[in-house]
Amino acid sequence: MLNLERLRTLDALARHGSVGGAAEGLHVTTSAVSQQMAKLEREVGQPLLAKNGRGVRLTDAGRLLADHAARILSQVELAQSDIEAQRGRVVGDLAVAAFPTAARGLLPSALAALRAGHPQLRVRMREMEPADSVRAVLRGDFDLAVVLDWYNKPLSMPEGLAKRELLHDPADVAVHVDHPLAGRAAVDLEEFADDEWVTWAEGEFCHEWLMFTLRGKGVEPRIGHVAEEHATQLALIAEGLGVCVVPRLGRGPVPDRVRVLPVRHPMRRHVYAVWRADADRRPSIRAAVDALVTAGAGAVGQ
């Protein structure tokens, strides 16, 4: 009879593509992964892994069994969800990933409400970029993720996930108090064609959105500075070192020497929760999503 934990190890190998990746995803050592795979090979009587340079690859038998393992584990998740749903109690562990401004502007109140309403639910939260957190939920490393996309650039969403919208997050342009446009009631992005931009790191979803949006308006952006945190970006703007887009969620205090200007054609981020569809009936998932919806209702000025 096939061992479920060994099938889980095979599934992790298939998804991560390496022993090291599988070990990290399962929170075990590489030696433990190798031992589990050796035992599984003895159980099935066939080699499941073959050397591939310095790494390994799945054999034909390994790929076949990995496909079955993914379906088996999905059914186990469904069974666990149904049992939890029948029991109806919000208990156990819940791992949540969230992009940084949601982790600051949305999660604290949601987590506090969960602790007050469901003291037997243990929640752990980690900051993570949207694309990474979607993959982490799909792999089963996290139960729930708070992610975003932009009004004109959707985030790719794989099959097998469910989602619920939490809020729309308006974004403005931040400029120094002495900027020529600082006194305007509203601006257009095209008006900043000659300015240097303070932006997120290259490769991050919001950075790619900004490049896509400005170029779509005929503006080739000049990047002056790169900073991960909005507070750091605003500190740079306060010294007259460029302009930046600043969403309202988790914004915090705006420095005195910074003016925040609405954009005439509003820019909005869509913030939503995602989880595996096969875990849809888990009371802990439903409770967490409800808490996030409630927190989102008062998180930003709409």
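Mentor: Helices here are DSSP runs of H or I, at least four residues, and strands are E runs of at least two, numbered from the N terminus. This is a predicted model, where local features need pLDDT of at least 70, side-chain atom pairs count only at pLDDT 80 or more, and totals for chains, interfaces and linings use all residues. Residues are numbered from 1 along each chain as its sequence is written, and side-chain values use heavy atoms, leaving out hydrogens and water.

Trainee: What volume does the largest pocket have, and which residues are closest to its centre?

Mentor: Rolling a probe the size of a water molecule over the atoms shows where empty space is left. A pocket is an open set of points on a 1 Å grid over the protein atoms alone, where a 1.4 Å probe fits, with protein on both sides within 12 Å along at least five of seven lines; lining residues have an atom within 4 Å of a point. The volume, the space filled by probe spheres set on points joined across faces, edges and corners, is about 930 Å³. Of 36 lining residues, Arg8, Glu77, Arg139, Gly140 and Arg276 are closest to the centre.

Trainee: What about the second largest pocket?

Mentor: Its volume is about 250 Å³. Among its 13 lining residues, Glu24, Arg126, Arg139, Asp141 and Phe142 lie nearest the centre. Helix 2, strand 4 and helix 7 each supply at least two lining residues.
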